[in-house]
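Please look over the sequence and the model below before reading on. The text then goes through the packing and one set of paired strands.

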Amino acid sequence: MGHKPSLELRVPSAILSPDEDARLRALYAYRILDTAPEAAFDDIVGLLAEAFDAPIALVNLIDSDRAWFKAAFGTAGVTGSSREASFCAHTIVGNEDQFVVRDALTDPAFEDNPLVAGEPFLRFYAGHVLRTPQGHALGALCVHDVKPRPEGITPLQSRTLEVLARQVMAQFELRRVVKEREQGVRALAESEARFRAIADSMPQMVWSTRPDGFHDYYNARWYEFTGVPAGSTDGEGWNGMFHPEDQDRAWGRWRHSLETGEPYEIEYRLRRHDGVYRWTLGRAQPIRDEFGAITRWFGTCTDIDDLKRIEQSKDLLSQELSHRIKNIFAVISALIALSAREHAEARPFATAVRNRINALGRAHEFVRPHSEVSRPSVGDTTLHTFLDALFRPYVDDHGQPRVRIEGEDATFDDQAATSVALLFHELATNAAKYGALSTPDGLVMLQTRNSGDRFILTWTESGGPEVTAVPVRVGFGTSLATLSVEDQLGGRLERRWLAGGLVVEVDLPSTALSRRRAALRSA
């Protein structure tokens, strides 16, 4: 009655399940075929044989070409049979979960069965399908007798068979869950080992906390840098490693991240093992589950002390160079003024050159690197504040600006300062000589606006001398303004000579005014 690979009979279609492929996948997923005997299943078949007063009871699983006994009572060590000879192979394709054969010799489906015609001369069979929660039939729990039972089985025996079959499936499910849990534990242990290996090999200090912010992990680099005993900075002990002046600030920032779930980022001074405080960049990100709840925080500490010192030296050098450039503007302007005194005929030319140099000096003063002491008090670095400073000399008798700025502002830095300063210095100078600013009541309106990926500036003069014709001669200032817009800023400049005054429209790429905006656009 054992599994005999030499049998080459094909499995009849009559005992093939309609969902045979899916059924076999479900069977193999339990990973129970060919496993060792287990007491839980042996007890069930022993109890079943006793309840039926039968010589044979089996937990019988139907493989693709065999029937294999996970537990067997009364088979003298035989562990399976061919699928063709198995009564349970018929049970799993039936319409009912229970299948009873009262006398196999009088049943056309079994009268020629080798287990009926020969050893062990089976005559009676009762089986209950072992069905998964998804409905797949894995096999059957069954009993055999070598004597026919014309009366069949009693209701109590039927109920017993049903209950014990459920117990077999419960054991299968429990076994599967335990195996999956064991695999999960092993996978988790392997994953944690890999994480620790990676974290300990990183140059940064790595740490993690529970959702409430309790620190419970630091990598080897943390202990190497700080020199503290393992575990001594768990919980809230980490804050004591910071410079006293930074502790309240670090606590406040960390509490804010815990309350809001926002990423944590701060610079503080961290005490090294030799007692020296080093500037450190601390960062952390929350890990969330599928519902958005934070399950852990993972963070790093990066020693940036050397970088901070380099940046400080760079800032000092930049400020010194910028200060010297400012002085150069002043010296050049003074030299031109002295030269104009000696050459009266060049005085108009010298005045124009000095004005342009002074405009560049004001632009440079606005955008150059400053210390906290030298920083100009004109406000944030935006286009409007820059132009306000540039147009400050143009006011009426009451001190009110005669060049008025309206519209959307824009971030602004030294990338565009020189070109913008030259452009609007020329426009304001020409307006003061020939246009709206040459009369007491004249005004200039400068409107600015975003338009998609463009930034538009419109200069409109009013109240000045009537424009009777378009100038024929293109002066140096006009050429300089066009050059500033089209070549330096990559934009377009259009002049319209209307009767009421000059209108100039400057169309720039929105990224032309600052590096930061250009970087955000490219990102």
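This is a predicted model: local features need pLDDT of at least 70, side-chain atom pairs count only at pLDDT 80 or more; totals for chains, interfaces and linings use all residues.

Residues are numbered from 1 along each chain as its sequence is written, and side-chain values use heavy atoms, with hydrogens and water left out.

A nonpolar core here is a set of buried Ala, Val, Leu, Ile, Met, Phe, Trp, Tyr and Cys residues joined through side-chain atoms within 4.5 Å; buried means under 20% relative accessible area (1.4 Å probe, protein chains only). The largest such core has 35 residues, and the members touching the most others are L387, F391, V420, F424, W459 and L513. Elements giving two or more residues to this core include the helices α10 (383–390) and α11 (414–433) and the strands β13 (443–451) and β14 (454–462). Helices (H or I, at least four residues) and strands (E, at least two) are DSSP runs, numbered from the N terminus. With 9 residues, α11 gives the most to this core. Beyond its neighbours within four places in sequence, L387 has contacts (heavy atoms within 4.5 Å) with I405, V420, F424 and L446. Another core, of 31 residues, lies apart from this one and includes V45, L48, F52 and V168.

Strand β5 (residues 124–131) has 7 of its 8 residues buried. Two strands pair if DSSP finds at least two bridges between them. β5 runs antiparallel to β4 (residues 98–101), with 4 bridges, and V101 stands opposite Y125 in β5. β5 also runs antiparallel to β6 (residues 137–145), joined by 8 bridges; here H128 stands opposite L141. β5 and β6 form a hairpin with 5 residues between them, and G135 in the turn has a positive phi of about 95°.

Notes. Buried means under 20% relative accessible area, exposed over 50%, partly exposed in between (1.4 Å probe, protein chains only).
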